[in-house]
Each structure stands twice: as structure tokens, then as C-alpha cells.
Amino acid sequence: EENGHQNKRLKRDADEEDGEDQNKRLPKRKIVLLMAYSGKGYHGMQRNVGSSQFKTIEDDLVSALVQSGCIPENHGEDMKKMSFQRCARTDKGVSAAGQIVSLKVRLIDDILEKINNHLPSHIRILGLKRVTGGFNSKNKCDARTYSYMLPTFAFAHKDHDVQEEVYRLDKETFERVNKLLACYKGTHNFHNFTSQKGPRDPSAKRYIMEIYCGEPFVRENIEFAVIKVKGQSFMMHQIRKMIGLVIAIVKGYAAESIIERSWGEEKVDVPKAPGLGLVLERVHFEKYNRRFGNDGLHEPLEWTEEEEKIAVFKEQYIYPTIINTEREEKSMANWLNTLSIHDFNSSAVEMQANNKTSK
């Protein structure tokens with residue numbers, strides 16, 4: 001009996017080794033993976049090799065790629081070896097429904113299933129496509145769309161509206177929010193909407209294609225709204241600060257003129273809304289699709305067949321996390337209490353004072 005068990009074990013080990021050898025013989029191919037994840041509890045997307053105390057989404061992804069046999073172990077330690085590139089670096093706590101990573105892998109059988117088996121349920125690979133050898137998901141991406149889900153009481157006026165969860169957004173305030181968001185469209189100097197960029201840094205200029213707030217809806221007795229923003233690329237904290245500033249204006253802490261002022265040379269105090277509601281919705285590869293999408297060898301990077309899986313993932317993991325965390329930790333409510341500490345006028349007042357003195 002013992003021999004029987006031993007033989008079975010030896011056979012199983014031999015089969016596994018055969019499988020590994022077979023994997024090693026498979027040629028490596030450049031692919032993209034469509035990823036969705038809930039970012040709560042993670043320090044963003046990008047891996048910090050050698051810093052294990054701050055867990056990132058890529059830590060879990062690389063581990064799953066190694067365990068499933070798609071990449072050799074040493075590629076996990078040095079990601080350049082598999083030409084790994086993420087399309088967007090999402091910040092701490094930020095989720096994604098349509099993140100794209102490009103890398104070289106061995107195209108093993110049932111590849112998606114095998115990778116997902118080694119991932120936690122709140123991180124999923126929803127699709128895979130072959131791409132050109134030189135493809136880089138960051139450089140080839142021409143635009144990114146984010147959404148920001150927030151409780152509408154964020155827009156309640158500080159002096160005369162109910163500040164709690166019973167608040168409901170009226171038509172007039174809703175229209176004002178959209179009018180203010182529309183100011184961001186076009187190319188502007190967003191140096192005040194990120195850290196460590198001066199007003200003359202050319203990379204602070206960013207192009208916003210569209211931005212709007214959708215109709216509010218009620219979940220678990222709280223009214224929420226989703227702001228969508230599409231831009232060429234965004235700097236760290238830029239979207240959260242764009243939304244934070246609009247909230248400060250609508251609540252009555254800052255004048256509308258502050259948006260225009262923030263694009264000038266002076267330093268403006270721009271508040272940063274919580275990371276919780278921010279979701280990378282999708283990334284766009286319009287130029288690549290025009291050039292290679294119909295060349296007979298490559299597929300266009302469109303994910304219409306995966307739309308349903310994306311929607312299900314959002315309903316299962318992203319929205320409930322945002323709603324429950326908001327209810328339990330009150331991240332938006334607590335942040336709103338800090339708005340009164342910000343100094344929205346200082347630099348303008350200082351400038352007027354300086355002008356008078358110089359005159």
C-alpha cells in the first residue's frame with residue numbers, strides 16, 4: 001500500500017516536472033492583460049521591490065504569474081526581464097475596472113484561469129490579447145478615463161444645508177457642479193494639483209477631454225453620484241485635487257475664481273479629496289488600434305466582450321467597498337471637516353498687498 005502511495009506521488013511529481021519543462025520550452029510572447037481590482041488595503045498599483053511592508057497590487061499579480069508558470073521566478077524579482085509595464089500607476093486605496101499591463105509571458109494552456117487561481121478574489125484578470133513586440137502599455141496609451149464615486153452630501157452648502165446622509169442633491173446645485181467641472185476641459189497648467197511641480201514645469205500642462213457628474217442615485221439610504229473624467233494623462237493626486245477644489249467652491253469655502261487662479265504662477269492651497277472613490281475605468285489605445293488593430297495579425301485593444309465581466313466585478317467588489325467604507329470609516333465626512341482649515345485666499349491677498357506696497 002505504501003509503495004502504491006509512493007508510486008502515485010512519484011508519478012505526480014514527474015507529471016509536475018514534465019509540465020514545468022513544457023512551460024520552459026514555450027516561447028515567450030508579448031501580451032496585454034485586462035485587470036480589475038479593489039484597491040482598499042493596498043499601497044497603490046506599482047510594486048516597490050525590496051519594500052515588503054507596503055503591499056501593492058503588483059506584488060500579488062507577480063506572485064500569481066510565477067506560481068501559474070507564466071514567467072520564471074527570476075522575472076518576478078526583476079520585472080524588466082519580462083518587459084513589464086502598467087498603463088497607470090493608481091495611488092494608495094484606488095481601485096480599477098480596466099487597468100492594462102503589458103508583459104512577455106509563456107502562453108500556457110488555460111492561462112487566465114491559472115493566473116486567477118493564484119489571485120485573491122478582489123483582483124481578477126478579465127482578458128488577454130496578443131500585441132506587437134515593441135508594445136508598451138504606458139507609452140502607447142493615448143487617454144485614460146477615471147470615475148470618482150462620492151456621497152452627494154459632499155456638495156451640501158456649509159451654512160444652510162443638512163450635512164449628513166439624509167441630504168439629497170437639488171437640480172440647481174447639480175447644474176452648478178457640472179458648470180464648475182466643465183472649467184477643467186482643455187489644456188491647463190495643473191502645477192497646483194500635484195506635489196513637487198513648479199509653475200514653469202512643462203509637464204504640469206495636461207489636457208482634459210471630458211469631465212462631468214452623472215445623475216445621483218441612492219445606495220443603502222445614502223445618495224451617491226459618479227464624476228467621470230477623461231484625459232491624456234494625469235499627475236499624482238491631480239483628479240482628487242480637481243474634485244476637492246470643486247467641492248470647496250460648492251460648499252462655500254472658496255470663490256469660483258480660484259480655479260482660474262490655480263492655473264497661474266502663484267501657489268494655491270488646493271484640497272485633496274479622499275482616494276476611496278477613485279476608480280480607473282478604462283484606458284484608450286486609439287492610435288495603436290488604427291495602426292495595428294486590423295492588420296490581420298493583431299486584435300484591436302477593445303474589450304466589448306469583457307464589458308459584462310467588468311460591470312459584474314464593479315458591482316461585486318468596487319462599489320460595495322466604497323459604500324461600506326464610507327459608512328464605517330466616514331472618509332468623506334471626516335475630510336469635509338478639514339476644509340475650514342484650508343486658506344483659499346492667502347496668495348491672492350498677499351499679491352494685492354504686494355501690489356499696494358510696490359505702488
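UniProt, in an unreviewed entry, places the feature "binding site" at Tyr 146. UniProt positions are given here in the numbering of this chain, feature names are shortened, and annotations may be inferred rather than shown by experiment. The structure is a predicted model, in which local features need pLDDT of at least 70, side-chain atom pairs count only at pLDDT 80 or more, and totals for chains, interfaces and linings use all residues. Residues are numbered from 1 along each chain as its sequence is written, and side-chain values use heavy atoms, with hydrogens and water left out.

**The annotated residues**

Tyr 146 is found in strand S5 (residues 143-151). Helices (H or I, at least four residues) and strands (E, at least two) are DSSP runs, numbered from the N terminus. Contact means heavy atoms within 4.5 Å. Leaving out residues up to four places away in sequence, Tyr 146 touches a list of residues including Ala 88, Thr 90, Lys 228, Phe 234, Leu 280 and Glu 281.

The "active site" feature, also from an unreviewed UniProt entry, is listed at Asp 91. Asp 91 sits in the loop between strand S2 (85-86) and strand S3 (95-106). Beyond residues up to four places away in sequence, Asp 91 touches Gly 44, Met 236, His 237 and Arg 240.

Thr 194 belongs to the loop between strand S6 (186-189) and strand S7 (205-213). Its side chain reaches the backbone oxygen of Met 236 at 2.9 Å. This is a polar contact, that is, a pair of N or O atoms within 3.5 Å; within protein, one must be able to donate a hydrogen and the other to accept it, and residues adjacent in sequence count only if both atoms are side-chain atoms.

Lys 314 lies in helix H9 (residues 307-329). Lys 314 and Ala 96 are 218 residues apart in sequence, but their C-alpha atoms are 8.8 Å apart in space. With residues up to four places away in sequence set aside, the contacts of Lys 314 are Ala 97, Glu 281, Tyr 319 and Pro 320.

**Burial**

Buried means under 20% relative accessible area, exposed over 50%, and partly exposed in between (1.4 Å probe, protein chains only). Of the 359 residues of the chain, 50% count as buried.

| Residue | Relative accessible area | Class |
|---|---|---|
| Tyr 146 | 7% | buried |
| Asp 91 | 19% | buried |
| Thr 194 | 9% | buried |
| Lys 314 | 13% | buried |
| Cys 87 | 3% | buried |
| Cys 183 | 34% | partly exposed |

**Cysteines**

With a disulfide defined as a pair of cysteine sulfur atoms within 2.5 Å, the count is zero. Cys 87 is in no disulfide, and the nearest cysteine sulfur, that of Cys 141, is 3.5 Å away.

**The nonpolar core**

A nonpolar core is a set of buried Ala, Val, Leu, Ile, Met, Phe, Trp, Tyr and Cys residues joined through side-chain atoms within 4.5 Å. The largest one has 103 residues, and Tyr 184 and Ile 247 have the most contacts inside it. Helix H6 (residues 238-250) gives the largest share of this core, nine residues. Apart from its neighbours within four places in sequence, Ile 247 is in contact with residues including Leu 150, Phe 155, Trp 335 and Leu 339.
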